[in-house]
Amino acid sequence: MAKIQMKTPLVEMDGDEMTRIIWKMIKDILLTPYIDLKTEYYDLGLEHRNETNDQVTVDSANATKKYGVAVKCATITPNAARMTEYNLKEMWKSPNGTIRAMLDGTVFRTPILVKGITPYIPTWTKPITIARHAYGDIYKNVEMQVKAGSKAELVCTDKDGKETRELIYDFSNEDGIIQGVHNRDESIASFAKACFNYALDMKKDIWFATKDTISKKYDHRFKDIFQEIYDNEYKEKFEAAGIEYFYTLIDDAVARVIRSNGGYIWACKNYDGDVMSDMVATAYGSLAMMTSVLVSPDGVYEYEAAHGTVQRHYYKHLKGEKTSTNSVATLFAWTGALRKRGEMDGLDDLIKFADNLEKATIQTIEEGVMTGDLAALSTLENKQKVDTEEFLLAVNERLQKLM
């Protein structure tokens with residue numbers, strides 16, 4: 001069979017530890033035998049980031065802007081222990097944080113559903129996608145501990161030097177803590193546009209929720225910007241597509257989500273999205289079955305798994321032991337990127353290949369062949385626990401039949 005041809009490269013961002021091992025297996029077993037794979041390669045492994053003073057991360061983000069589609073392996077965000085382990089020059093920032101900031105992107109996380117693994121909320125028969133704003137709030141906060149006798153104020157000085165003051169709290173008789181958070185209208189607008197574009201792309205309803213009844217300026221600003229952009233730029237497009245934009249309070253949204261069947265996009269502010277994406281992933285069964293895509297407001301896409309580098313399995317691998325590491329989310333990062341590249345370049349063969357590879361992966365699990373984490377969750381009667389490579393080879397057997 002002739003290999004599928006590509007017109008434009010994908011930006012390929014390699015990563016760390018066990019997911020780096022899986023990355024190569026996926027390419028060798030499931031991609032390069034079928035595709036004349038064109039990628040612009042960037043090594044975002046921690047050692048190479050250290051060698052380049054993290055310039056490689058910036059370069060990969062700029063390449064993503066240039067080519068429009070990227071696929072990223074999980075990477076290490078170093079802590080003090082990693083500083084020693086990898087002999088780092090400094091505690092480099094999260095590559096994901098750098099890329100999100102440079103693309104001004106919104107993160108969309110969606111569970112992969114398979115028969116035999118029932119969500120903890122059994123009515124969730126369709127996936128719920130969490131859209132997380134990736135800027136500001138407590139992730140860009142300023143905070144202090146204050147002593148008794150202090151008075152804390154919020155002070156804003158305008159361009160003419162005029163001050164506006166609001167009392168936060170008078171700590172006359174007690175110690176306490178204060179925190180300052182901010183956001184930008186431009187970033188909120190980018191978040192809204194990315195959400196609306198993704199909803200149109202996926203043909204799904206979108207919900208947005210804040211606590212504007214309590215936060216009458218901060219959260220209400222999010223609500224107003226979303227509504228203004230929707231009314232002016234997206235209302236007619238949504239009506240033509242037969243999908244809905246729905247706003248409600250965050251506590252009402254939580255109640256509605258629990259009672260729902262799924263099948264929509266739930267847009268959340270940064271902290272809400274951080275928490276709710278983990279809640280949704282866990283409730284569906286496994287973080288290793290959660291895809292993640294970063295979407296910029298101008299339509300640039302970066303696909304990855306929602307989980308980390310699987311450090312514990314990597315140390316087992318280094319000892320020569322077999323691992324049973326779930327590769328599904330990383331595999332779906334590749335299929336998502338290949339499908340999007342095919343859509344952008346008009347390559348039907350590439351789109352069909354991505355569809356077939358996803359079908360083969362789900363079919364493998366639903367026929368009882370799976371890694372250890374899924375075997376522990378699955379209610380299928382005839383389960384077969386396999387190691388990392390054996391699972392990918394089993395997927396390839398089914399892919400060959402579909403091709």
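I started with helix α1 (residues 17-31), which lies across β1 (10-14), β2 and β3 (69-72) and runs at about 140° to β1. Helices (H or I, at least four residues) and strands (E, at least two) are DSSP runs, numbered from the N terminus. Angles run from 0 to 180 degrees between N-to-C directions, with axes as lines fitted to C-alpha atoms, for helices over the stretch in contact. This is a predicted model, where local features need pLDDT of at least 70 and side-chain atom pairs count only at pLDDT 80 or more, while totals for chains, interfaces and linings use all residues. Residues are numbered from 1 along each chain as its sequence is written, and side-chain values use heavy atoms, with hydrogens and water left out.

Next, the sheet. I traced 10 strands in an open, mixed sheet, ordered β2-β1-β3-β14-β13-β4-β5-β12-β10-β11. Two strands pair if DSSP finds at least two bridges between them. At the edges I found β2 (39-43) and β11 (245-249), each pairing on one side only. The twist averages 20° from one strand to the next.

I then looked at β10 (residues 206-210) and β12 (residues 265-268), which pair in the parallel sense over 3 bridges. Phenylalanine 208 has alanine 267 in β12 as its bridge partner. Helix α8 (residues 250-259) packs on the sheet here, touching β10, β11 and β12 (contact means heavy atoms within 4.5 Å). The direction of α8 makes about 115° with that of β11.

On to α3 (residues 55-67): its 13 residues reach 18 Å from first C-alpha to last, close to the 18 Å expected at 1.5 Å a residue. That expected span is 1.5 Å times one less than the number of residues. Val56, Thr57, Ser60, Ala61, Ala63, Thr64 and Tyr67 are buried in α3. Buried means under 20% relative accessible area, exposed over 50%, partly exposed in between (1.4 Å probe, protein chains only). These residues are on the same side of α3, because they cover an arc of only 160° around the axis, taken from the directions from the helix axis to the C-beta atoms. Glycine 68 follows α3 with a positive phi, near 90°.

Last, the cores: sets of buried Ala, Val, Leu, Ile, Met, Phe, Trp, Tyr and Cys residues joined through side-chain atoms within 4.5 Å. The largest nonpolar core has 74 residues, and Phe353 is among those with the most contacts inside it. I listed what phenylalanine 353 touches beyond four places in sequence, including Ile4, Tyr34, Leu338 and Met403. Apart from this core lies another, of 20 residues, with Ile121 and Val257 among them.
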